[in-house]
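These are my notebook entries on one structure.

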Amino acid sequence: MRIVVIAGPPCAGKTTLAWQVAGPDDVVLDFDDIARGMGSPVQWLHPEPYRTQGELVLQQAIAEAHAAQGSGTAWVLRTAPRPSSRASLAELWGADVYVLDPSEAECRRRARGRPTGTGSAISSWYHRYRPRRGDLDAVDLVHSHA
């Protein structure tokens, strides 16, 4: 199975994009969905033990998708602001990495109604984000699946 990472700040639209481009044989691996499925009482910014356990389950799901035979794609959603994080994902899983960056102002607009802490998580992502050679523009995903 092919692994594709969609990276970007909170409220960038990673989940929406993944479901928009996913085909019938694809899976969307979303940390928030996993944590909620484990019983997290919140939609985002999950408390312990959901955060740690959810990350372990996500990593196992990526490994299983990578090992799976078939023509589908596993769409892996990560914030991954650091180039080294995205490079590790690309190397470890042979993944294509797309960065979705609608702008800090747009992410903040979309964050209205989200939990306290979302705005600071957005700011943190933009403060830590650096481009990486090899990253692809997520806008190309939309055009290639239109």
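Which residues lie nearest the centre of the largest pocket? I found P10, K14, F31, D32 and T79 there, among 26 lining residues. The model is predicted: local features need pLDDT of at least 70 and side-chain atom pairs count only at pLDDT 80 or more, while totals for chains, interfaces and linings use all residues. Residues are numbered from 1 along each chain as its sequence is written, and side-chain values use heavy atoms, without hydrogens and water.

Pocket. I used a 1 Å grid over the protein atoms alone; a pocket is an open set of points where a 1.4 Å probe fits, with protein on both sides within 12 Å along at least five of seven lines, and lining residues have an atom within 4 Å of a point. The largest pocket holds about 840 Å³, the space filled by probe spheres set on the points. Helix 6 gives the most to this lining, five residues.

Cores. I took a nonpolar core as buried (under 20% relative accessible area, 1.4 Å probe, protein chains only) Ala, Val, Leu, Ile, Met, Phe, Trp, Tyr and Cys residues joined through side-chain atoms within 4.5 Å. The largest has 21 residues, with I6, L17, W75 and L141 making the most contacts inside it. A second, separate core of 18 residues includes V5, I62, A74 and A95.

Cysteines. I counted zero disulfides (cysteine sulfur pairs within 2.5 Å). For C11, the nearest cysteine sulfur, that of C107, is 6.4 Å away. C11 is buried at 7% relative accessible area, and C107 is buried at 0%.

Conventions
Buried < 20%, exposed > 50% of the residue type's maximum accessible area, 1.4 Å probe, protein only. Helix = DSSP H or I, 4+ residues; strand = E, 2+ residues; numbered from the N terminus.
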